[in-house]
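Here is a briefing on selected local features of one structure. Look over the sequence and the fold, then read on.

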Amino acid sequence: MQYLKSVFWILAILTVSIYSEEEWTVADVQFRGNEALSRGELLANMETTPPRFLIREEFDFATLDQDIENIELLYRTIGYPYASVYIHNIERDTATMSVVITLDITEGPLVVVDTVKIINSQILSSNDIYAFIEVLPEAPLDSPGVHSDGRMIRDSLRGLGYLQASVYSKQVIDEQTLTATVYHRIDAGPLIIVKNFNIYGLQRVHETVVKREITFDSGTVLSTPVIHESLRRVYSTALFNFVQVKPDTTRQTMLHDTANVAVSVQLREAPFITLKAGIGYDSEEQFYLSIETAYRNLFRRGHRISLLGRASQPVRNAQATYSVPWFLSLPIWADFSIYAERRNETNVEGYFDGAIAALRGQIRQNLRFNLWTRLERTEWATEEPPADLFPLLPISPTHLIATTIIYDNRASAVDPGSALFASVQPEIAGIAGFGNQYVRLLFDFRGYLPFHFERGLVSSGFFTGIAFPYGEEQAIPTRERFRTGEAPVRDVRGYTLEEVTPFDDEDILPGGNFALIVNPVEISYQVTDGLEGALFIDGGNVWSDITDFSFEDFRWAVGMGIRVIIPIGLVRLDYGQPLLPEVIFPGRFHLNVGLPF
């Protein structure tokens with residue numbers, strides 16, 4: 001049988017070489033002999049697939065070969081260690097330049113685990129290990145899972161400080177009873193304790209910058225969590241592009257139950273000057289130009305200075321920020337910024353400048369905070385009709401105190417993975433005794449769930465914000481009111497700002513004091529490398545005040561879009577069609593960069 005298989009592969013390769021100058025596509029993939037796995041389950045593990053919506057896969061023999069290996073591996077994970085897959089036929093249609101592939105599957109017998117034996121489990125008890133391994137008695141034999149369990153046992157020991165731990169895993173199959181015995185033989189090695197550590201590779205960065213981020217010292221048990229946290233913190237300084245923590249685990253030190261070892265921290269400094277510039281477009285701001293430059297190692301202590309500028313037709317702003325790590329010897333950052341902004345929108349013009357002082361840091365993994373105060377003044381403001389109709393303008397100075405608590409375990413802003421994002425932001429202005437007096441509270445929640453081997457993503461989001469004046473004030477400043485499509489309020493795709501944002505009594509200045517945006521579901525799917533399609537439902541509105549809220553005013557829209565991954569990020573073009581209220585507005589395109597929420 002193996003000889004025949006080899007002959008067939010040679011013939012198949014010769015056949016492919018004959019047609020190598022032509023581009024063939026896959027018309028269909030058929031299976032024979034599969035019972036334990038359905039056709040859909042098999043295709044889900046293959047790159048060689050029949051045509052999907054507007055997509056036809058190019059036929060590539062090397063890809064098909066890898067697909068066959070993937071199917072055999074899949075069978076080995078569900079208890080069929082003897083499964084094999086062969087090409088039965090590749091039928092070519094020269095008229096359509098397509099192929100129909102037929103695969104023969106020999107599943108073989110199902111093998112069940114009879115016993116799992118743990119050998120030399122002095123550090124972790126057998127019961128402790130049984131609690132987290134996955135291949136257990138009475139379950140189908142998962143051959144790859146046996147070795148995965150071995151790695152889990154090894155990693156658990158290394159997480160306790162046994163960095164030299166190794167686990168030898170194997171399975172023995174009784175072909176008479178079709179049962180398997182699984183063995184995990186453990187060699188824990190010594191407990192690793194830091195004797196001292198040395199830092200290598202520093203040239204322009206002072207060693208204090210590294211030492212304050214390292215989470216171990218003499219006498220510390222050196223475990224993988226300790227090493228990973230140190231690496232994370234050193235990398236977070238953005239001063240290094242290579243960091244390695246390496247204990248001296250020579251044979252002489254490894255002969256005892258406990259080993260006091262020297263640890264070396266190897267570093268390579270990154271460039272300290274960065275410059276980013278770009279041109280973009282979004283539906284609200286139209287074309288814009290942005291530029292950002294920074295120097296990240298002032299005084300050799302990792303202090304930063306950065307300049308940020310952005311210009312579009314309605315908004316132009318610039319900001320300079322000085323950042324200090326480990327402010328007052330605490331593991332927090334202090335940011336001091338000055339900024340200026342000019343807004344030249346349809347109904348209001350304004351020039352704003354101010355200063356911000358902020359403290360930010362991490363409470364624990366994925367949970368961070370930002371506490372800041374802002375002092376802002378309005379240099380001038382003009383509006384139509386004349387100013388005597390607007391006694392609250394020009395806007396008074398604003399002194400704001402605010403904080404944000406953020407939970408964010410997204411892998412990245414473009415590819416979040418299975419993740420949650422939640423933030424709460426209370427703000428209060430005017431408690432210093434001058435200027436505008438108001439309170440704002442913002443809440444933002446987003447959830448992400450990948451599917452189909454992470455080619456698809458289901459997302460959901462919710463945002464609400466409320467603002468109200470207090471004291472002698474009678475209104476919220478125009479700049480602080482909520483408007484859809486302007487941060488922090490998301491779009492209701494399919495509507496213009498005027499359709500989902502109220503105006504003041506003179507029907508001039510847009511903005512409201514209560515916003516509610518819901519994104520019940522967005523489903524995106526990668527149809528090919530760098531290209532995704534999406535379907536979504538959006539809902540929400542902005543009201544002048546929370547007392548004006550009514551479900552009758554809630555706007556709903558459905559739509560579809562495409563996403564293209566390019567070097568600057570994820571570019572998306574969405575088309576939303578309004579559903580409610582009864583007066584159906586025309587649909588609208590939205591072009592932007594990044595995920596919609």
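Which residue forms a salt bridge with Asp 574, and how far apart are the closest N and O atoms? Arg 572 does, with the closest N and O atoms 3.0 Å apart. The model is predicted: local features need pLDDT of at least 70, side-chain atom pairs count only at pLDDT 80 or more, and totals for chains, interfaces and linings use all residues. Residues are numbered from 1 along each chain as its sequence is written, and side-chain values use heavy atoms, with hydrogens and water left out.

- A salt bridge here is a side-chain nitrogen of Lys or Arg within 4 Å of a carboxyl oxygen of Asp or Glu.
- By this rule the count is 21 salt bridges.
- Both Arg 572 and Asp 574 are buried (buried means under 20% relative accessible area, exposed over 50%, partly exposed in between, with a 1.4 Å probe and protein chains only).
- Asp 574 also meets the side chain of Arg 563 in a salt bridge, at 2.5 Å from N to O.
- Asp 574 sits in strand β24 (residues 569-580) and Arg 563 in strand β23 (residues 555-566), so this pair ties together parts eleven residues apart in sequence.
- Helices (H or I, at least four residues) and strands (E, at least two) are DSSP runs, numbered from the N terminus.
- Arg 563 is buried, as is Asp 574.
- Through shared partners, salt bridges join Arg 493, Glu 522, Asp 538, Arg 563, Arg 572 and Asp 574 into one network.

**Another salt bridge**

- Arg 410 and Asp 408 pair through their side chains in a salt bridge, 2.9 Å from N to O.
- Arg 410 is partly exposed, with a relative accessible area of 22%.
- Asp 408 is buried, with a relative accessible area of 14%.

**His 590**

- His 590 lies in strand β25 (residues 588-593).
- Its relative accessibility is 3%, so His 590 counts as buried.
- A polar atom of the His 590 side chain lies 3.0 Å from the backbone nitrogen of Gly 494.

**Helix α7**

- Helix α7 (residues 224-236) has 13 residues, which should span 18 Å at 1.5 Å a residue; the expected span is 1.5 Å times one less than the number of residues.
- The end C-alpha atoms of α7 are 18 Å apart, which agrees.
- The buried residues of α7 are Val 226, Ile 227, Ser 230, Leu 231, Arg 233 and Val 234.
- An α-helix has 3.6 residues a turn, so residues three or four places apart point the same way.
- Among the elements that cover the buried residues of α7 are β8 (240-247) and β9 (258-269), where contact means heavy atoms within 4.5 Å.
- Just after α7, Ala 238 takes a positive phi of about 65°.

Technical notes. Polar contact = N/O pair within 3.5 Å; in protein donor to acceptor, adjacent residues only side chain to side chain.
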